[in-house]
There are 2 protein chains.
Amino acid sequence: MARAFGAKGVFIEGEDTHLIDSIKKATEVWGGSSYFKVETISDGKSLVSQWRNKGGITIHLTMYGINVCEKIKELSSFEVPLLIIVGSEKVDSWYYHNVDFNLAIGNQPHSEIAALAIFLDRLYKGLELHYIFEDSKLRVIPQEAGKKVVKNG
Amino acid sequence: MARAFGAKGVFIEGEDTHLIDSIKKATEVWGGSSYFKVETISDGKSLVSQWRNKGGITIHLTMYGINVCEKIKELSSFEVPLLIIVGSEKVDSWYYHNVDFNLAIGNQPHSEIAALAIFLDRLYKGLELHYIFEDSKLRVIPQEAGKKVVKNG
């Protein structure tokens, strides 16, 4: 999902071979392998600290944070790498106090996938929906009805 | 998720008691019960046909469709109820030929949750992120760091 909406890569805390396999498969067929990196990490907190030490910005998406609308202009102006943190389960309180921004995609409970999608759409101002991956094997030709997929190259 | 981002209700094809329970729980605590309807249906195709017969518009979100950017202005102008169709698995080809619009939130494979989130965000022009449900038991007070939740009323 993150790949389709403009993220440059993903860090996955803990082993999730099913998720990694499905990302690899999507990248092989639909492109982006030179562009989209997948890495398994054991300690998300170390990653956050390292990211900040190197001058990057860390953003935790949470329904308890400040509305994204209030911050998106500021975030769009940063020219350093952004690390976006979402949790599929309860996120340790450490993150709330050790990231640069806690941002809410609305203050209602919602899927972290939905939050990440809307965040990336706002950050990239919708341009990510027009991305073409040069190394894809297949390409969709948009249709009013039905499906049309062609081989690339 | 749909509830948090402005949908007025959801039809679920087939029995999914886990999903229905989790929606009910969210609505009880976070509000929207008078507003957000959940209904289980056995035949999604009949629903699409009935919806259209009553003058409503049906929209299927699919990576094979026309880019949402090209249609969102037209869709925002409709004053009839919109039925948005997403499939968690392979969607029967019938839908591609019997809905009013097949729309792509980008022509890359992605989560249907992500697609629905971005679609609603575009349709409601971001206003859905400020919704307050009057009947909620709890309410989040947005914080720069940490969590603050208060009882309503």
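1. Phe133(B) is buried, its relative accessible area being 6%, where buried stands for under 20% relative accessible area, exposed for over 50% and partly exposed for what lies in between, with a 1.4 Å probe and protein chains only. The model is a predicted one, in which local features need pLDDT of at least 70 and side-chain atom pairs count only at pLDDT 80 or more, while totals for chains, interfaces and linings use all residues. Side-chain values use heavy atoms, with hydrogens and water left out, residues are numbered from 1 along each chain as its sequence is written, and chains are lettered from A and ligands numbered from 1 in the order in which they are written.

2. The ring of Phe133(B) forms an edge-to-face aromatic pair with Tyr35(B), at 5.7 Å centre to centre and 65° between the planes; rings of Phe, Tyr and Trp (its six-membered ring) pair if their centres lie within 6.5 Å, and planes under 30 degrees apart count as stacked, over 60 as edge-to-face and the rest as tilted. Because Tyr35(B) lies in the loop between α1 (17–30) and β2 (37–41) of chain B and Phe133(B) in the loop between α5 (112–123) and β6 (138–140) of chain B, the pair ties together parts that are 98 residues apart in sequence. Helices (H or I, at least four residues) and strands (E, at least two) are DSSP runs, numbered from the N terminus. Tyr35(B) is partly exposed, at 28% relative accessibility.

3. Arg3(B) lies over the face of Phe133(B), 4.5 Å from the ring centre, the criterion being NZ of Lys or CZ of Arg within 6 Å of the ring centre and within 35 degrees of the ring normal. In chain A, Arg3(A) lies over the face of Phe133(A), at 4.5 Å from the ring centre.

4. Glu128(A), in the loop between α5 (112–123) and β6 (138–140) of chain A, deserves a comment. Glu128(A) is buried yet has no salt bridge, and the nearest side chain of opposite charge, Arg122(B), is 4.5 Å away; Lys and Arg count as positive and Asp and Glu as negative, with His and the chain ends not counted, and a salt bridge needs a side-chain nitrogen of Lys or Arg within 4 Å of a carboxyl oxygen of Asp or Glu.

5. Between chain B and chain A there are 4 salt bridges. The side chains of Glu144(B) and Lys71(A) meet in a salt bridge at 3.6 Å, N to O.
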